[in-house]
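Dear colleague,

Please find the structure below, handed over for your study. A short account of the findings comes after it.

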Amino acid sequence: MTRKPATLTDPRPTAERPALTEVVSALTPLREEVLANLAMLAQIPAPTRGESQRTRYLLDRLVAAGLSEASSDAAGNAIGFLPGKTGLRTVMLVAHLGTPICHTAEQEVVVEADRIVGHGVADNSLGAAVMSMVPCCLKELGIALDSNLQLVGSVRSLKRDHNEGLRYVLDHAERPSDFGLVLEGIRLGRLNTFTTGTVRADIICNVTGGGGNALITLNRIIDRLLSIAMPTRPFTKIRLGQIKAGDLYHVEPDSGELGLEVLSDSSEELDRIVGEIEEIVAESTASTGIETRLDCIFRRGPGGIPFAHPLVKSVVDVMSQLDIQTTQDDRPSELSEFVAAGIPAVTLGITDGETHLRQPDFVMIEPILTGVAQIIGVLLEIDRGACDEH
């Protein structure tokens with residue numbers, strides 16, 4: 001079947017449509033609204049499993065944009081649906097609502113001449129703010145897609161939950177998605193096509209009956225972990241992320257936890273290393289008499305779409321038209337859930353900036369509309385069938 005490309009309210013042949021560089025200028029009337037939306041959203045606290053206020057705000061935005069279907073699901077995700085003219089394809093746009101730093105009260109967001117500063121503005125308030133503005137941007141440009149758009153502000157994305165919200169959406173979707181676009185605040189040019197295999201686990205140590213120190217036991221385990229052989233290729237790594245033990249200087253801790261990740265582009269290496277960690281933990285219990293166990297809280301195998309996939313080629317072409325330098329990125333995102341579901345998907349960044357754990361993030365203002373034009377360009381490529389596998 002030959003599919004018609006998305007049309008403008010003032011119908012013109014495809015060749016006469018504005019170039020993507022002109023789309024940036026055409027979106028200028030929405031610039032202040034995008035910035036205000038970001039500033040408002042970033043002030044709402046959103047620790048993982050505590051994103052409900054952001055969910056409500058996002059749903060209000062989607063309703064204001066004219067979406068008749070906008071509601072939260074059983075997991076607490078914000079879900080919006082924009083039907084296409086034919087609905088032959090469905091594209092899911094996802095941005096996670098949670099922030100790495102837990103804030104229980106409204107936080108300050110500062111709008112400067114060239115940037116916006118505040119905790120979580122880069123990760124991922126900007127992604128969520130732009131995602132909620134996509135329907136308004138399409139309307140401003142006079143574009144009516146043939147494809148359906150499923151907009152998801154996902155919850156429970158961070159820490160132990162690791163994308164539980166999006167996993168729920170994909171498992172319970174009434175309308176299967178043909179493509180996925182994961183939106184992250186930074187950096188412009190970011191292109192994730194492949195997700196590294198990941199195992200997240202806690203090593204939990206409990207001393208019973210006295211005569212032991214959980215911190216020392218975990219330290220010995222760390223020494224053993226660092227001695228595990230790592231191949232140069234494929235990429236494989238053990239990342240030790242956090243340790244918790246003890247409350248007082250003069251009391252030896254009787255419990256402790258070591259949080260770690262095993263990362264690999266090889267399922268076989270992932271299995272081997274997890275097996276060695278299990279042996280180390282078992283040997284520690286047997287030799288010290290101190291109860292130690294491995295609690296695997298998340299596992300996802302490596303996978304993704306190749307760089308030769310039509311979706312990736314289209315994204316790279318759109319970036320080239322907008323003079324965006326493409327950078328392949330392996331940082332974690334919700335992409336892993338699309339990979340597990342067998343849905344072609346990529347992760348895109350929107351602007352330049354930096355994210356921090358102990359000080360406020362910042363995002364640069366000027367590139368934001370280019371990042372939005374990038375999203376619109378990819379949607380148009382999907383809509384005209386350029387990303388279909390033949």
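This is a predicted model: local features need pLDDT of at least 70, side-chain atom pairs count only at pLDDT 80 or more; totals for chains, interfaces and linings use all residues.

Residues are numbered from 1 along each chain as its sequence is written, and side-chain values use heavy atoms, with hydrogens and water left out.

The sheet

Helices (H or I, at least four residues) and strands (E, at least two) are DSSP runs, numbered from the N terminus. Four strands, in the order β13-β14-β12-β15, make up an open antiparallel sheet; two strands pair if DSSP finds at least two bridges between them. At its edges are β13 (236-245) and β15 (291-300), each of which pairs on one side only. Nine bridges join β15 to strand β12 (residues 197-206) in the antiparallel sense. Within this pairing, isoleucine 203 has leucine 294 of β15 as its bridge partner.

Helix α8

Helix α8 (residues 310-321) contains twelve residues and spans 16 Å from its first C-alpha to its last, close to the 16 Å expected at 1.5 Å a residue; the expected span is 1.5 Å times one less than the number of residues. Its buried residues are Leu311, Val312, Ser314, Val315, Val318 and Met319. These residues lie on the same side of α8 because they cover an arc of only 160 degrees around the axis, where the arc is that of the directions from the helix axis to the C-beta atoms. On the other side of α8, Lys313 and Ser320 are exposed. Here, buried means under 20% relative accessible area, exposed over 50%, and partly exposed in between (1.4 Å probe, protein chains only). Aspartate 323, which follows α8, has a positive phi near 60 degrees.

Glycine 371

Glycine 371 is part of helix α10 and counts as buried because its relative accessibility is 0%. Leaving aside neighbours within four places in sequence, glycine 371 is in contact (heavy atoms within 4.5 Å) with Leu188 and Ile350.

The cysteines

A search of the whole structure finds zero disulfides, a disulfide being a pair of cysteine sulfur atoms within 2.5 Å. For cysteine 296, the nearest cysteine sulfur belongs to cysteine 205 and is 17 Å away. Cysteine 296 is partly exposed, at 40% relative accessible area. Cysteine 387, by contrast, is buried at 0%; its sulfur is 19 Å from the closest cysteine sulfur, in cysteine 137, too far for a bond.
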